[in-house]
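Subject: Structure handover and notes

Dear colleague,

Here is the structure I promised to pass on, with my notes on what was found in it. Please read the notes with the model open beside them.

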Amino acid sequence: MNKKDPNPIDTFVGSRVRMRRLMVGLSQEKLADGLGITFQQVQKYEKGTNRIGASRLQAIADILGVHPSFFFQREDDKPSGRDSAGDMHESNEISSFVASKEGIALNRAFLKIADPVLRKKIISLVAAMAQAPDMESTSAISGARRTEPLHG
């Protein structure tokens, strides 16, 4: 790791701050006002460029309505400091997506789907689309596609 590169744990914690901030619909400016700092400082925290001290992390947790441990939790419940560099990179990519506007919108919409069978089919569909080389050129070549009903 280069001396100027952010520590992966600081990047992870920052991504969790961003995710939670977006989940509650708070702007960087509003969070910064609540903390008594500039929004640029919030940006640096969220990117992992600057470390968040313990008292500041507690203040962020209070404003965002979570326990400070939230910022260290992984979706798969692995301890955050014991992963390989590859696992850390993948986790950062996932956290970045989940914290994005698109990720939050997708998660909110997905959570509104009550039918567990339909949820599984949507996951299968997205996984298949992710493995397909190019959906548009493939569908143009193959003509009509066989479709299955989503419910059933």
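In what follows, a residue is called buried when its relative accessible area is under 20%, exposed when it is over 50%, and partly exposed in between, with a 1.4 Å probe and protein chains only. The model is a predicted one, in which local features need pLDDT of at least 70 and side-chain atom pairs count only at pLDDT 80 or more, while totals for chains, interfaces and linings use all residues. Residues are numbered from 1 along each chain as its sequence is written, and side-chain values use heavy atoms, with hydrogens and water left out.

**The chain as a whole**

The chain has eight helices and zero strands, where helices (H or I, at least four residues) and strands (E, at least two) are DSSP runs numbered from the N terminus. Of its 152 residues, 28% count as buried, and the accessible surface comes to about 10,400 Å², of which 57% belongs to carbon and sulfur atoms; these areas come from the Shrake-Rupley method with a 1.4 Å probe, and for residues only the protein chains shown count as cover. With contact taken as heavy atoms within 4.5 Å, 58% of the contacts between residues at least 6 apart in sequence join residues at least 24 apart.

Not counting residues up to four places away in sequence, Arg21 touches Leu26, Ser27, Gln28, Leu31, Glu46 and Leu64.

Helix α1 packs against helix α3 (residues 39-47) at an angle of about 120°, with the axes 5 Å apart; axes are lines fitted to C-alpha atoms, for helices over the stretch in contact, and angles run from 0 to 180 degrees between N-to-C directions. The two helices are therefore oblique to each other, since angles under 35 degrees count as roughly parallel, over 145 as roughly antiparallel, 65 to 115 as roughly perpendicular and the rest as oblique. On the α1 side the contact is made by Asp10, Thr11, Gly14, Ser15, Val17, Arg18 and Arg21, and on the α3 side by Tyr45, Glu46 and Lys47.

**α2 against α3, and Leu35**

Helices α2 and α3 pack at about 105°, with their axes 8 Å apart, and α2 is therefore roughly perpendicular to α3. Here Gln28, Glu29, Leu31 and Ala32 of α2 meet Phe39, Val42, Gln43 and Glu46 of α3.

Leu35, also in α2 (residues 28-35), is buried, with a relative accessible area of 14%. Leaving aside neighbours within four places in sequence, Leu35 is in contact with Arg56, Ala59, Ile60 and Ile63; the C-alpha atoms of Leu35 and Ala59, 24 residues apart along the chain, are separated by 7.0 Å.

**Glu93**

Glu93 lies in helix α5 (residues 85-99) and is partly exposed, with a relative accessible area of 48%. Glu93 and Ser15 are 78 residues apart in sequence, yet their C-alpha atoms are 9.5 Å apart in space.

Best regards
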